[in-house]
Amino acid sequence: MPAPTQKDELRFMQITRSSPVPNISSQVQTFTAETTIWLAENWLRIAIAVGVAAAIVLLLLTAQKLAQRLCREGEALVSWRTIVGRLAARTKFWFLVILAARIVDNYAAAPAWLDTTITFLFTIGMTVQAAIWARELVLGVVEHRAGDAQHANGALTSAMSIIRALVTFLVFAIALVLILGNLGVNVAGLVAGLGIGGIAIGLAAQGIFSDLFAGVSILFDRPFKVGDNISWGETSGTVEQIGMRTTRVRLFTGELLIVSNKNLLDKEIRNVTVRHHIRLSFTLGVTYETKPETLARIPAMLKELGEAESVKVSRAGFEAFGASSLDFSFIVDVPGADWNVAHPTRDRLLVAIIERFAAEGVSLAYPTQTSYTAAPDGTLIMPYAEGAVVPVMAAEPAGLPES
């Protein structure tokens with residue numbers, strides 16, 4: 001390293017002379033003198049300002065306590081009253097003090113240094129307090145929309161914990177950027193770094209976030225809840241647990257199916273538990289030998305049987321000409337979603353139909369075929385001699401096929 005020349009030494013001396021070292025003791029004396037003069041000349045205003053500030057803080061604390069009574073943490077459904085109570089409860093005491101000082105600052109004719117300090121503290125405190133309020137408001141809206149699902153399911157409570165962490169990180173990251181910006185720090189690089197980091201994390205955990213957002217969608221839309229019977233595609237079962245990434249469904253065949261939330265929501269889901277009614281459909285085939293006047297009475301018979309079971313008859317009428325029968329359609333809707341009610345109702349309807357048809361002389365048809373023997377020229381050959389007595393077979397019970 002080359003030794004400094006005489007020219008460099010002269011330059012250093014000039015810089016030293018042009019930049020005098022600040023005298024701390026003189027600054028302290030000046031600060032003390034200014035403060036003493038301010039107190040002596042404005043003591044009455046200062047006293048009034050302190051009293052008003054104390055009254056403002058006391059009034060705000062009283063309003064805070066009254067608002068906290070609206071906060072009912074034990075309720076399953078988070079109401080807007082509860083959200084307001086939470087916002088009041090999360091208001092910090094130091095923020096109330098800074099707010100009161102900012103209100104009475106001008107009245108007390110505070111010196112420049114004190115006014116600057118109060119403004120600086122109020123800016124920082126307001127930013128932090130606003131972040132706390134924003135966090136509680138967002139979480140309150142989420143819990144209000146989720147309703148009692150998060151209390152009924154521990155997995156959704158865990159999902160809410162993840163949401164709380166993400167919301168907290170987001171709002172306080174924004175608050176930090178705002179504070180640094182007010183302090184004069186160049187935050188452009190910080191914002192760009194956070195953006196790039198967020199994109200990298202999002203791409204790396206794309207699958208995890210997809211399932212997580214699907215879980216949040218279940219939390220908001222509530223297409224089903226724990227205990228509901230659902231079906232999608234050819235799969236049906238009972239929901240046992242809704243997690244952050246997966247949902248566990250107990251199939252009706254006994255197996256436990258674990259399916260990702262995203263794959264589950266990508267399909268068309270049928271919630272069987274919340275169905276309005278259970279539809280029972282019957283196709284009744286009667287023989288072609290049934291008399292027309294009897295056929296005309298069958299729809300009224302079916303409707304009467306359905307009304308006797310207190311079910312809604314959606315369809316009772318002639319449907320089609322079948323290959324071996326005249327087909328009637330009988331469709332009823334059993335109120336509710338309980339198959340323990342629908343199954344016995346179906347059994348009673350079937351028995352009642354058989355009994356009523358037997359009483360009215362209506363025979364239920366079953367698949368039959370008639371074979372004819374013909375000569376080479378197409379002439380029919382009877383299986384018995386002309387004039388022979390053909391025995392008549394006893395009719396089979398209605399609705400039962402031949403064994």
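**View A. A salt bridge between R356 and E360 in a predicted model.** R356 and E360 form a salt bridge, their closest N and O atoms being 3.5 Å apart; the term salt bridge stands for a side-chain nitrogen of Lys or Arg within 4 Å of a carboxyl oxygen of Asp or Glu. Both residues belong to helix 13 (residues 339–360), where they stand four residues apart and are thus separated by about one helical turn. Helices (H or I, at least four residues) and strands (E, at least two) are DSSP runs, numbered from the N terminus. R356 is partly exposed at 22% relative accessibility, and E360 is partly exposed as well, with a relative accessible area of 28%. Here buried means under 20% relative accessible area, exposed means over 50%, and partly exposed lies in between (1.4 Å probe, protein chains only). This is a predicted model, in which local features need pLDDT of at least 70 and side-chain atom pairs count only at pLDDT 80 or more, while totals for chains, interfaces and linings use all residues. Residues are numbered from 1 along each chain as its sequence is written, and side-chain values use heavy atoms, with hydrogens and water left out.

**View B. The network that includes R356 and E360.** A network of salt bridges links R356 and E360 with R297 and E304.

View C. The side chains of R250 and E240 meet in a salt bridge, with 2.9 Å from N to O. Because R250 lies in strand 3 (residues 246–251) and E240 in strand 2 (residues 235–242), this pair ties together parts that are 10 residues apart in sequence. R250 counts as partly exposed at 31% relative accessibility, and E240 is partly exposed with a relative accessible area of 39%.

**View D. The pair E319 and R315.** Between E319 and R315 there is a salt bridge whose closest N and O atoms are 3.4 Å apart. E319 has a relative accessible area of 47%, which places this residue among the partly exposed ones, and R315, with 33%, is partly exposed too.

**View E. The whole chain as a setting for the close-ups.** The structure holds 11 salt bridges, and the chain contains 13 helices and 10 strands. Of the 403 residues in the chain, 29% are buried. Among contacts (heavy atoms within 4.5 Å) with a separation of 6 or more, 62% come from residues 24 or more positions apart.
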